[in-house]
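Open the model in your viewer and keep the selection panel at hand. The stops below are meant to be taken in order.

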Amino acid sequence: MEMHHRHFDPVAHKQHQLDQLSGKLNLTGDQQTAWQTYSSGALARASARAEKMKARRTKSTQPHVETDMPTKLETAAQRMRDRADRLAQVAQD
């Protein structure tokens, strides 16, 4: 049995979610500006996620390099800071 792998597209997925939500919200004209700001930010974040996924796929073909614990901890801390920044942007949008 042959397996066909389809890569997940975060931008298309987010656009689909936004389209569904927009239909359920029945936004008024006054709310459209805020919705556009939010949805544009959400699509930008999805696009950034797609780029990271692409980079991770490319990196996964490289040989694994073992890193020391301080480096691992700094990397984890940076990921947490990045996540906090993204959440702050969502709240602002």
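Predicted model: local features only at pLDDT ≥ 70, side-chain atom pairs only at ≥ 80, totals over all residues.

Residues are numbered from 1 along each chain as its sequence is written, and side-chain values use heavy atoms, with hydrogens and water left out.

**Stop 1: the helix pair.** Select residues 10-25, helix 1, and residues 29-59, helix 2. Helices here are DSSP runs (H or I, at least four residues), numbered from the N terminus. Their axes lie 8 Å apart and the packing angle is about 160°; axes are lines fitted to C-alpha atoms over the stretch in contact, and angles run from 0 to 180 degrees between N-to-C directions. Helix 1 is therefore roughly antiparallel to helix 2 (over 145 degrees). The crossing of the two is right-handed (the near helix is turned clockwise from the far one by less than a right angle).

Now show side chains at the contact (heavy atoms within 4.5 Å). From helix 1, the residues include Val-11, Leu-18 and Leu-25; among those they meet in helix 2 are Trp-35, Tyr-38 and Met-53. By class, this contact has twelve nonpolar, four polar and two charged residues (Ala, Val, Leu, Ile, Met, Phe, Trp, Tyr, Cys and Pro count as nonpolar, Asp, Glu, Lys and Arg as charged, and the others, Gly among them, as polar).

**Stop 2: Asn-26.** Select Asn-26, in the loop between helix 1 and helix 2. Most residues other than glycine have a negative phi. Asn-26 is exposed, with a relative accessible area of 61% (buried is under 20%, exposed over 50%, partly exposed in between, with a 1.4 Å probe and protein chains only).

**Stop 3: His-64.** Go to the loop between helix 2 and helix 3 (69-92), where His-64 is found. His-64 is exposed at 70% relative accessible area. Draw a C-alpha to C-alpha distance from His-64 to Leu-27: 49 Å in space, for 37 residues in sequence.

**Stop 4: the salt bridges.** How many salt bridges does the structure hold? There are two (a side-chain nitrogen of Lys or Arg within 4 Å of a carboxyl oxygen of Asp or Glu).

- Select Glu-66 and Lys-72: their closest N and O atoms are 3.1 Å apart. Glu-66 is exposed at 57% relative accessibility, and Lys-72 is partly exposed at 37%.
- Select Glu-74 and Arg-81: here the closest N and O atoms are 2.7 Å apart. Glu-74 is partly exposed at 44%, and Arg-81 is partly exposed at 39%.

Key. Parallel < 35°, antiparallel > 145°, perpendicular 65-115°, else oblique.
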